[in-house]
Amino acid sequence: MVCGGFACSKNALCALNVVYMLVGLLLIGVAAWGKGLGLVSSIHIIGGVIAVGVFLLLIAVAGLFGISCSCLAINRSKQTDVINASWWVMSNNTRHELERSFDCCGLFNLTTLHQDDTSCNAICKSKSSICQLCGEKFLKHSDEALKILGGVGLFFSFTEILGVWLAMRFRNQKDPRANPSAFL
């Protein structure tokens, strides 16, 4: 029997979907494991990784790659808008935790009092009176994360196209074990 026949297409399609499902479940499991051991203290990071795992499971089912393209296409201005809107919605405790974690004070030039802000408890504040703005650090991290996530998602999405092709090929092939006089 030649590879590319009914059995080969069926097995390749099943294997491809199983790999996507396993990667999605692995992301969810690693996030839960990291939170359980206390390796990651931020619930936002854990939630993000779990969300990516669930999303990958959905990608494995749907095979869509529009989100990956939008991750790669988002420009710096839109990233700034999202970070700015998020900063003003979050609580003061969350802001202070981010300032401490990223070792920065304030957001962008919109927070002109970031140098005189006594509520900022970043390490840089104790070393000197000048700290880097958090907005610039957030932009750097979000830009890297969007490129990585978009690239990985796009890679998996293109391989999902291979899965769709295999599924169409599998659907149009006749099972050699089936009754030859049966309709399908």
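This is a predicted model: local features need pLDDT of at least 70, side-chain atom pairs count only at pLDDT 80 or more; totals for chains, interfaces and linings use all residues.
Let me start with the largest pocket, which is lined by 38 residues, and of these His44, Ile45, Ser142, Ala145 and Leu149 lie nearest its centre. Several elements each give two or more residues to that lining, namely H1, H2, helix H3 (66-73), helix H4 (76-89), helix H5 (92-102) and helix H7 (134-171). H7 gives the most, with twelve residues. The volume of this pocket is about 1200 Å³. By class, its lining has 23 nonpolar, 13 polar and two charged residues.

Residues are numbered from 1 along each chain as its sequence is written, and side-chain values use heavy atoms, with hydrogens and water left out.

Some terms from the pocket need their cut-offs. A pocket, found on a 1 Å grid over the protein atoms alone, is an open set of points where a 1.4 Å probe fits, with protein on both sides within 12 Å along at least five of seven lines, and lining residues have an atom within 4 Å of a point. Its volume is the space filled by probe spheres set on the points, which are joined across faces, edges and corners. Nonpolar covers Ala, Val, Leu, Ile, Met, Phe, Trp, Tyr, Cys and Pro, charged covers Asp, Glu, Lys and Arg, and the others, Gly among them, are polar.

Now the chain as a whole: there are seven helices and zero strands, where helices (H or I, at least four residues) and strands (E, at least two) are DSSP runs numbered from the N terminus. Of the 184 residues in the chain, 27% are buried; buried means under 20% relative accessible area, exposed over 50%, and partly exposed in between, with a 1.4 Å probe and protein chains only.

Turning to charges, the count comes to two salt bridges, each being a side-chain nitrogen of Lys or Arg within 4 Å of a carboxyl oxygen of Asp or Glu. In one, Glu136 pairs with Arg76, and the closest N and O atoms are 3.7 Å apart. This pair links distant parts of the chain, since Glu136 is in helix H7 and Arg76 in helix H4, 60 residues apart. Glu136 counts as partly exposed at 37% relative accessibility, and Arg76 counts as partly exposed at 42%. Asp143 forms a salt bridge with Lys147, where the closest N and O atoms are 3.6 Å apart. Both of these residues lie in helix H7, four residues apart, about one turn of the helix. Asp143 is partly exposed at 25% relative accessibility, whereas Lys147, at 52%, is exposed.

On the surface, Leu26, Val30, Trp33, Leu37 and Leu39 form a nonpolar patch with about 570 Å² of accessible area together. Such patches take residues with over 30% relative accessible area and no salt bridge, joining nonpolar side chains (Val, Leu, Ile, Met, Phe, Trp, Tyr) within 5 Å and like charges within 9 Å, and the areas come from the Shrake-Rupley method with a 1.4 Å probe, where for residues only the protein chains shown count as cover. Leu39 lies in the loop between helix H1 (6-37) and helix H2 (43-62), and Leu39 is exposed, with a relative accessible area of 59%.

Finally, where is Asp103 found? Asp103 sits in the loop between H5 and helix H6 (123-127), and this residue has a positive phi of about 55° although it is not a glycine. At 27% relative accessibility, Asp103 counts as partly exposed.
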